[in-house]
Amino acid sequence: MTPAPYAQTPPAANTTLLEVHDLSVHYGYGAGATKAVQNVSFRLAHGEFVGLVGESGSGKSTLGFALTGLSKPPAHIEKGRILFGGKDIASLDAEQLREQRHGGIAMVLQSGMNALNPVRSIRNHFVDIFRAHGHVDRSRWTARATELIGKVELTPQVLDRFPGELSGGMRQRVSIALALSLEPELMVFDEPTTALDVLVQHAVMNTIIELQKSENFTAILISHDLGIVLESAQRVMVMHEGRIVEDAPARQILENPQADYTRMLLSHYADPRAEVVELPGFADRQQRKAEGASRTEAATHTPTVSPRTLRADQHAMIVENVSKIYPAPRRGEAPVRAVDNVSFTLEPGAALALVGASGSGKSTIAKLITAVEKPTSGRIRFGDLDVGSLNRRHFRRLHRDVQMVFQDPYSALNPLHTVEYALTRPVINFTGLHGTDARRRVLELLDIVGLNPVEEFAAKLPHQLSGGQRQRVVIARALASDPQVIIADEPVSMLDVSLRAGVLALLEDLREQWGVSLLYITHDLLSARVVTDNIMVLNGGAVVETGNTADVLRNPQDDYTIRLLDAIPNPRKVVA
Amino acid sequence: MTTSLPPTTAAIRAPITAIGEAPSAWKVVVRVASTVWSNGKARIGLVMLALFVLLAIFAPLIAPYGASETGFERSADGSAAHWLGTTAAGEDVLSQLLYGAQVSIFVGLVAGLLSTIIAVLIGLSWGYVRGFGADVINFIVNLFLVIPGLPLMIVIAAYLSGGGIGMIIVVVVITGWAWGARVLRSQTQSLRSRDFVTAAVFSGERPFRIVFREILPNMTSLIVGNFFGAATAAILAEAGLEFLGLGDSTVVSWGTMLFWAQNSNALLTGQWALLFAPGLCIALLATSLTLINFGVDGISNPRLREGTKR
């Protein structure tokens, strides 16, 4: 871990580089306009590293685009001024804007890695910029490109590669180098690491922090993740519903947050390695166990049913020496070993976490257990079903008992079917209920996942629901067949921090109430800590560590587990 | 199975008293119609189409004379008695135009519908199945695609000669479905990998239902677009075949009107209305279908639908 940048005293009495005065950005005009940014004012001094935090829809990206003059219709600056080095950005025309990109403002986008032209080599990307701005002598093109690529910790060989040959992290580094090539005074990073894998995320973030120090540019880091921002920025602005609700040095935000919203965001961070882990809605797991089955009042929803007795015929999911090998992606390459000799048993009513970075094989295991893919070798048994060799025709028998909660609630619901339809189908298919009975059951399911008033929610289409509500519908659908096993594949990774705890609490609730066993697949160790009893850490398809969740996270033995734990952005880590 | 369900009524915190009816199919139709109507261009198209359909239906009432009623002055220019003049055979052009609309609209809608149905059935199942079956369909569709359309049409029409309107429809359908099937197949393939399709498998749905209830509604705009495209092509193909004299030249349609006008060198005699009137009608009918297509986009995209209200 690099020392916290804001631990050093920020260079005092600096001149103002950027001044935003009473800025409002609207989408559309008139009364129906969406006011994305409202009356925002702030100053940025030379060499400052400022974080801009907010949840989705808070207007942080809209603000970022306005600062860089990249606002596209229907977004437009309703009022206010953005003074960069004394010039108002809003008043510049397209050509003036283009010219000021050299030595002016550069932006690195969330999907920056996809912003590279797939048919042009990395070298050509640099040459394009050098040619457009003419600020580098032709004879120095290669030297300068090599220098820039070195700054983002890539080797010069990368210059001759094509974007498709680079990993996501490398491509994001390239786009940072491209932004740097114009020697900008102000860099705006819009969620630069969100689309990257956890471990890569950490490394790229460190590069950005190092670069900011060595190149001494001014930086704005836009992120939804307060942890990342607090770790890297000197000053943090918290945005909520288009307004900046708090603007303070990072340490002050952490130790003495003023706004309620900031406090709420902070409350959702905890160190999974701590003795006691508590999140809003979650008391510590160990303590809860000690209190017995009595449930905490803080949980979002408390149905009045008594805990369901375990079914007599409840089965364990038994996975024995399972491997999955995919054919080589290209001729001459080795076949891909996605899952390597994995064995485990998911006992009835248990909660098991499967953690690992992307490519560790955790999603492949989910596919194998649900018979979507067939294992290359090994056996998967569930009751008397041999899942590994299950015929498509017998899927219903398996899916009656094994259901799945998908990662992306935005794509897991058919946009054209109402919530009612999505829930009615599995009810009819699995329980044999029809007509009014089926409808009664659907409304019951909605009530169970806390979507009240049920009648109203039943009639809604997915796009009328928020992300958290959609995920609740997805969970309700998984419950419709009254399954024994629920596989949750990163169920909260696409949700805002404040919504996560609610969905996790719901999953936890259901598991305790219904005696459903849960296979929780995630890269997020903190959520694994609060909802699961046991954990399995996967690396390259193989299990590297397994045991009680709290024990493993407190005393990780394997190097990979330690690296995963280190990669978690945690503001408190800096202070400790 | 019902025995293992959790208690049905006890689980409800607030007892659900009234259980209303689920939204009916009728409401869906109304929703779709209002979506299309809310688009300005589509509204113009619908009005134009409605006008053509009404003219076709009420042609016997509106038309001043019978369609093949001869005995008027031959090749006359427009006058109070014959607004658009008469043909070389002494028939009233306006009456022919009105009666001709019946054939053109009928062939357009029926042939368009039939070729769309075939395209949907083949395209969607082709997109959803994998393996050997897909290869077989692939071969057949490619066969239809590589054969040039117009020559094939002419060969089939010559072979089935004398079949009249039914024959024309068959020819247009045989030569017209393959392109739509290919377009729908590629869209099906991209939708097949979406999470909600996997979720439908988890909901215990059978493949047939997944294809036609989960995937198909998401391609409504593509399918309706395909229908309007096929209908337009059918109207043009019908006119083309008739113009070439491959249809039944005694039937009065816009195509045969063009055929006879060409035969009698209408342009040389200065009777431009003979060519211009049916030509413009064909163009306007095709335009109205294309305009309706704009409104159809909103059906598959609920966001677009709400966007129009703003």
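How many bridges pair E4(A) with strand E5 (residues 87-88) of chain A, and in which sense, parallel or antiparallel? Two bridges pair E4(A) with E5(A), and the sense is antiparallel. This is a predicted model. The predictor gives the complex an ipTM of 0.72 and a pTM of 0.75. The points below cover confidence, a sheet in chain A, backbone details in chain A and helices in chain B.

**Confidence in chain B**

- Chain B has a mean pLDDT of 80. In this chain, 86% of residues reach 70 or more.
- Among the elements of chain B, helix H2 (residues 40-57) has the highest mean pLDDT, 91. Helix H13 (residues 302-309) of chain B has the lowest, 46.
- The pLDDT is below 50 over residues 1-23 of chain B. That stretch has 37 contacts in the model beyond near neighbours in sequence.
- Residues 305-310 of chain B also have pLDDT below 50. Here the model has seven contacts beyond near neighbours in sequence.
- Where pLDDT is low, the predicted coordinates should not be read in detail.

**The sheet in chain A**

- Four strands of chain A form an open sheet in the order E2-E1-E4-E5, with antiparallel pairing.
- Strand E2 (34-45) and E5 of chain A stand at the edges. Each has a single partner strand, so one side of each is left without a neighbour in the sheet.
- Strand E1 (residues 16-27) and strand E4 (residues 75-84) of chain A run antiparallel and are joined by eight bridges.
- A:His26 stands opposite A:His76 in E4(A). A:Val25 has A:Ile77 of E4(A) as its bridge partner.
- At the E5(A) side, A:Phe84 has A:Lys87 as its bridge partner.
- The hairpin of E4(A) and E5(A) has two residues between the strands. In this hairpin, A:Gly85 takes a positive phi near 55°.
- Helix H1 (residues 60-67) of chain A lies across E1, E2 and E4 of chain A. H1(A) runs at about 60° to E2(A).

**Backbone details in chain A**

- A:Asp22 lies in strand E1 of chain A. A:Asp22 is not a glycine, yet its phi is positive, at about 50°.
- The peptide bond between A:Asn452 and A:Pro453 is cis, with omega about 0°.
- A:Pro453 sits in the loop between helix H14 (435-448) and helix H15 (454-458) of chain A.

**Transmembrane annotation in chain B**

- An unreviewed UniProt entry places the feature "transmembrane region" at residues 44-63, 103-124, 136-159, 165-184, 215-237 and 273-296 of chain B.
- In the model, residues 103-124 of chain B are 100% helix and 0% strand. The end C-alpha atoms of this span are 31 Å apart.
- Residues 215-237 of chain B are 83% helix and 0% strand. The end C-alpha atoms of this span lie 31 Å apart.

**Helix packing in chain B**

- The axes of helix H7 (residues 164-192) and helix H10 (residues 220-243) of chain B come within 10 Å. They cross at roughly 150°.
- Angles over 145 degrees count as roughly antiparallel. H7(B) and H10(B) are therefore roughly antiparallel to each other.
- The crossing of H7(B) and H10(B) is right-handed.
- Residues of H7(B) that meet H10(B) include B:Ile168, B:Val172, B:Gly176, B:Gly180 and B:Gln187.
- On the H10(B) side, the residues that meet H7(B) include B:Leu222, B:Asn226, B:Ala230, B:Ala234 and B:Glu238.

Conventions
Residues numbered from 1 in each chain as written. Chains lettered and ligands numbered in written order. Predicted model: local features only at pLDDT ≥ 70, side-chain atom pairs only at ≥ 80, totals over all residues. pLDDT = per-residue confidence, 0-100. Contact = placed C-beta atoms within 7 Å. Pairing = 2+ DSSP bridges. UniProt positions renumbered as here; feature names shortened; annotations may be inferred. Axes fitted to C-alpha atoms, helices over the stretch in contact; angles between N-to-C directions. Parallel < 35°, antiparallel > 145°, perpendicular 65-115°, else oblique. Left-handed = near helix turned anticlockwise from the far one by under 90°.
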